[in-house]
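User: I would like a close look at one part of this model, the place where two chains meet. Please keep it brisk.

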Amino acid sequence: MKILVPVKRVIDYNVKVRVKADGSGVDLANVKMSMNPFDEIAVEEAIRLKEKGVAEEVIAVSIGVKQAQETLRTALAMGADRAILVVAAEDVATDIEPLAVAKILAKVAEAEGAKLVIAGKQAIDNDMNATGQMLAALLGWPQATFASELAIEGDKAKVTREVDGGLQTIEVKLPAIVTADLRLNEPRYASLPNIMKAKKKPLEEKTAADYGVDVTPRLTVVKTTEPSVRKAGVKVGSVDELIAKLKDEAGVL
Amino acid sequence: MAVLILAKHDNAHLNEATGKAVTAATAMGGDVTLLVAGENCGAVAEAAAKLGGVTKVIHVEGAEYAHRLAEPLTDLVKAFAEDYEHIVFPGTTSGRNVAPRLAALLDVMVISEITGVVAPDTFERPIYAGNAIQTVKSSDPKKVITVRGASFAAPGEQAPAPIETATGPADPGLSSWVEDKTQVSDRPELASAKIVVSGGRGVGSEENFAIVAALADKLGAAVGASRAAVDSGYAPNDWQVGQTGKVVAPDLYIALGISGAIQHLAGMKDSKVIVAINKDEEAPIFQVADYGLVGDLFTLVPEMAEKLG
């Protein structure tokens with residue numbers, strides 16, 4: 001079977017995010033960009049399924065700006081077989097909404113005949129946590145979100161999900177969408193030879209218009225602000241002092 | 001204007017996140033209808049009817065709703081969607097699972113994890129792990145929303161609103177439930193506890209987490225953990241506090257051996273009072289703590305538990 005893995009180019013998770021003073025957004029000029037960490041986990045899981053002989057081909061897809069080529073090359077260096085870049089924006093500050101992304105991915109999944117889509121559970125920039133579920137809806141496929149374990153058993157996927165009360169295991173009929181949570185696996189680092197090889201793997205370039213999808217946002221960003229800052233309090237010298245402060249000053253004990 | 005909320009529950013008890021969603025919905029304006037779907041969940045529907053601000057409860061029984069599977073629940077909510085401008089979900093894993101699926105079926109954008117209602121079409125939500133707050137205005141005819149519980153107060157009680165019963169569409173049969181592995185505990189639920197005691201990498205091992213748990217039990221508190229502690233196998237995943245875990249805002253949050261990574265702070269920085277105990281006085285957690293105690297948690301925490309006795 002073919003597995004489709006959507007990957008997003010986002011600000012590197014180690015970079016301290018700075019809100020622009022004029023409230024127009026977050027400063028993305030000259031900051032390091034990387035693959036969304038949850039998407040790395042998704043790529044890793046797809047590659048492992050291929051290594052186990054469960055999948056024949058892993059296709060990485062990115063929707064966004066031209067620079068997302070680099071993100072796709074990373075997926076190829078990890079072990080994806082080929083990549084599709086759907087250019088849907090020119091300005092790196094433009095974030096394509098999950099609804100439009102899901103519409104494009106649905107067309108790609110249909111065109112490729114994918115039987116499984118493994119996506120990251122959310123992107124660490126807009127924190128929407130939506131694309132996988134939206135894609136499942138548009139394709140009429142079942143969804144297994146927040147996965148910490150995945151096994152393909154015949155025409156079903158058995159997925160353990162991280163839910164509020166603990167873990168839930170469900171079975172979904174294939175074709176299906178799985179979204180990766182943190183503990184699904186530990187993604188590999190691409191080796192230098194594989195990075196070199198990835199440069200020769202096929203990377204097809206498309207546009208949103210090729211799929212007939214309108215990417216006009218439904219949500220207008222009115223403003224982006226710094227969160228309220230919490231001030232540091234005091235250091236106490238002993239447990240007795242701490243308990244006294246909590247009882248008398250804070251009134252929480 | 002009217003708001004529909006899908007109640008979160010376990011068929012026996014109404015989850016407190018539902019009440020928080022009611023509070024948020026009240027700010028959007030209009031009648032608030034709670035949809036309670038599950039198996040043998042009559043008691044939940046009765047509890048839901050008493051949440052202050054609820055106009056009506058719709059109670060739907062069905063085995064396919066017992067385990068919160070996304071596909072039947074989404075189809076159910078969609079069947080009622082026509083009458084409402086706002087369709088709201090508590091920001092639980094269940095709400096976050098269903099809301100985007102519904103939004104896509106309605107061809108609207110989901111508005112995830114709102115922390116504030118500015119106007120019926122305008123909402124605040126955290127982005128970049130809480131490092132920025134975005135105000136967004138929706139141009140969609142319907143707003144599909146998940147609500148971050150920690151940002152809204154629980155509503156009061158009221159005389160019970162009327163309960164109607166209804167039936168849902170046929171189960172699409174795309175998925176099935178296998179099993180739940182939940183922690184059975186007498187401790188309060190992490191997301192709604194008044195006091196939370198959390199341990200981080202500094203706790204050192206799964207066995208040592210007993211020290212954290214002992215203090216929590218003394219205080220009648222829930223136990224939490226940092227992502228580092230969970231990733232190291234010291235604590236189960238559902239204890240994780242942080243941007244990718246649970247977001248909590250208790251009256252008192254006690255952080256033990258937690259350095260204070262930004263993604264952890266995103267999950268607890270709205271707590272009323274924060275206490276940090278850490279041997280590293282440069283740990284970033286002290287920048288947000290109201291009371292900091294520098295020292296060895298293995299002596300200080302048992303001492304604190306004993307002195308609270």
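Which side chain does R218(A) meet in a salt bridge, D107(B) being on the other chain, and at what N to O distance?

Analyst: The model is predicted, so to speak plainly about limits: local features need pLDDT of at least 70, side-chain atom pairs count only at pLDDT 80 or more, and totals for chains, interfaces and linings use all residues. Residues are numbered from 1 along each chain as written, chains are lettered from A in written order, and side-chain values use heavy atoms, without hydrogens or water.

The side chain of R218(A) meets that of D107(B), at 3.1 Å, N to O. A salt bridge here is a side-chain nitrogen of Lys or Arg within 4 Å of a carboxyl oxygen of Asp or Glu. The rule finds six across the interface of chain A and chain B. It also finds 44 residue pairs in polar contact, both at pLDDT 80 or more. That term means N or O atoms within 3.5 Å, one able to donate a hydrogen and the other to accept it.

Now the whole interface. In contact (heavy atoms within 4.5 Å) are 76 residues of chain A and 83 of chain B. The two chains bury about 6,600 Å² between them, 56% of it on carbon and sulfur atoms. Buried area is the accessible area (1.4 Å probe) lost on being put together, summed over both parts. R218(A) returns here: with D164(A) and R230(A), it supplies 12% of the area that chain A buries against chain B, more than any other three residues.

Seven bridges join β9(A) to β11(B), residues 175-182, and the two run antiparallel. One bridge pairs V172(A) with S175(B). Strands are DSSP runs (E, at least two residues), numbered from the N terminus; pairing needs at least two bridges.

Methods:
A polar contact is a pair of N or O atoms within 3.5 Å; within protein, one must be able to donate a hydrogen and the other to accept it, and residues adjacent in sequence count only if both atoms are side-chain atoms. Helices (H or I, at least four residues) and strands (E, at least two) are DSSP runs, numbered from the N terminus.
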